[in-house]
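Please read these notes with the structure open. They go point by point.

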Amino acid sequence: MATILVTGGAGYIGSHACQLLAGAGHLPVVFDDLSNGHGASVLWGPLETGDIGDRRRLRAVFETWRPEAVIHFAGLIEVARSAADPAAFYRVNVAGSLALLEEMAAAGARRIVFSSSAAVYGAPAVSPIPEDAPLAPVSPYGETKRAVEAMLDAFARACGIDYAVLRYFNAAGADPEGELGERHDPETHLIPRLLRAALGLEPRIDIFGTDYPTPDGTAIRDYVHVSDLAAAHVAALDRLAGGGGSLSANIGAGVGRSVQEVLEACRRITGRSIPARAAPRRAGDPPELVAATGRAARELGWSPRLSDLDTIVATAWAWHAARGA
Ligand code: NAD
């Protein structure tokens, strides 16, 4: 049994990862300020509350738990907000990651898995996107992820830290056992918003861009089930513990789905009408983002199992419908 420090472990993806870590026999110690996470989602180990930028607090947690490895989910996630308030994003995502890495190095913790994002690719020229595509973020959010990737590489060389950078595409769905799901406030992700509209909690959904060069004119994204995503973290920890060395890998389904297709799947699976209307494109939203997933398959032995659109929507709907929210 290994003790794993999970920053942001009270959040959406982090809580699902803790569930799988515990299932794999590890103790997940969550470090979270609960600004966008939920204490009630911390079910498989202790919760240490604190700000990721607070080095004294981090030091105390490293001294108490002596984790073998860290999974670093904590961060601010709303792309649009990053344009309005870049300072908050650089403070939490970049300075917070620096504080964590310095305390890891001081405590002798030598392995980290980091939540990066497809946002590091910006508006790529190729699809599916391989990991060696140019990193050209188009939002401060994506810039912060690129900056942390570079920082990890420098710490790897200087301090002997091994890292796994996982570039997630669109996390979606909910724990098939129904214990966990997606709860963001505000909710900006497509599927939970569609399901909230199905429940009558949102009047209608705006479809941002219906004139993209795609078959139905709406933007195409790669939706990966959150439990598949969580499994990639366990695989990444195993690789690092086995001396496999640092890597950066896309984590996606490898399949693109348009906004219109997702809307239709939500209508079909919920059996409810979901009012939607066309709206202008949002700045910085590329037509298509789909992962090339060969590296994750080869290097992590990982492949998605629950990431077909119907399973994603059905598990998310079970969660939202059960809570009525
Ligand atoms: P989330 O908001 O549900 O989880 C993030 C957690 O970090 C929350 O529990 C929040 O309380 C915590 N946190 C925020 N600021 C903190 C701070 N200053 N100190 C301590 N804890 C803090 O988000 P998520 O969707 O689970 O995303 C997790 C990670 O994955 C993020 O780093 C995000 O950028 C990345 N990511 C997510 C997606 C996606 O589709 N959801 C895609 C790509 C990358």
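**Notes on the predicted model**

1. Start with Glu 103. Leaving aside residues up to four places away in sequence, Glu 103 touches Arg 55, Leu 58, Arg 59 and Phe 62. Glu 103 sits in helix H4, which spans residues 86-107.

2. Is Glu 103 buried or exposed? Its relative accessibility is 2%, so Glu 103 counts as buried; the cut-off for buried is under 20%. One of its contacts is polar: the side chain of Glu 103 meets the side chain of Arg 59 at 2.8 Å.

3. Now Ala 278. It belongs to strand E13, residues 276-279. Ala 278 counts as exposed because its relative accessibility is 56%, and the cut-off for exposed is over 50%. Not counting residues up to four places away in sequence, Ala 278 touches Ile 207 and Thr 210.

4. In sequence, Ala 278 and Thr 218 are 60 residues apart. In space, their C-alpha atoms are 9.5 Å apart.

5. Next, a sheet. Three strands make up an open sheet, in the order E12-E9-E14, with mixed pairing. Its edge strands are E12 (257-258) and E14 (288-289), each of which pairs on one side only.

6. Which way do E9 and E14 run relative to each other, parallel or antiparallel? Strand E9, residues 220-221, pairs with E14 in the parallel sense, over two bridges. Ile 220 has Glu 288 in E14 as its bridge partner.

7. On to the cavities. How many cavities of 30 Å³ or more does a search of the whole structure find? The search finds three. The largest cavity has a volume of about 60 Å³. Its lining consists of Ala 10, Gly 11, Tyr 12, Ser 15, Asn 36, His 38, Ser 41, Gly 181, Glu 182, Arg 183 and His 184. By class, that lining has two nonpolar, seven polar and two charged residues.

8. The second largest cavity has a volume of about 40 Å³. Ala 172, Gly 173, Ala 174, Glu 182, Ile 191, Pro 192, Ala 316, Trp 319 and His 320 line it. Helices H6 (190-198) and H10 (309-323) each supply at least two residues of this lining. H10 gives the most, with three residues. The classes here are six nonpolar, two polar and one charged.

9. Last, an open site. The second largest pocket holds about 160 Å³ of space. Its lining is Asn 36, His 38, Glu 182, Arg 183, His 184, Asp 185, Glu 187, Arg 196, His 320, Arg 323 and Ala 325. One of these residues is nonpolar, four are polar and six are charged.

10. Compare the lists when you inspect these sites. Glu 182 lines the largest cavity, the second largest cavity and the second largest pocket. Asn 36, His 38, Arg 183 and His 184 are among the residues that line both the largest cavity and the second largest pocket. His 320 lines the second largest cavity and also the second largest pocket.

Technical notes
Residues are numbered from 1 along each chain as its sequence is written. This is a predicted model: local features need pLDDT of at least 70, side-chain atom pairs count only at pLDDT 80 or more; totals for chains, interfaces and linings use all residues. Side-chain values use heavy atoms; hydrogens and water are left out. On a 1 Å grid over the protein atoms alone, a cavity is a set of points where a 1.4 Å probe fits but cannot get out, and a pocket is an open set with protein on both sides within 12 Å along at least five of seven lines; lining residues have an atom within 4 Å of a point. Grid points are joined across faces, edges and corners, and a volume is the space filled by probe spheres set on the points. Ala, Val, Leu, Ile, Met, Phe, Trp, Tyr, Cys and Pro count as nonpolar, Asp, Glu, Lys and Arg as charged, and the others, Gly among them, as polar. Two strands pair if DSSP finds at least two bridges between them. Helices (H or I, at least four residues) and strands (E, at least two) are DSSP runs, numbered from the N terminus. Buried means under 20% relative accessible area, exposed over 50%, partly exposed in between (1.4 Å probe, protein chains only). A polar contact is a pair of N or O atoms within 3.5 Å; within protein, one must be able to donate a hydrogen and the other to accept it, and residues adjacent in sequence count only if both atoms are side-chain atoms. Contact means heavy atoms within 4.5 Å.
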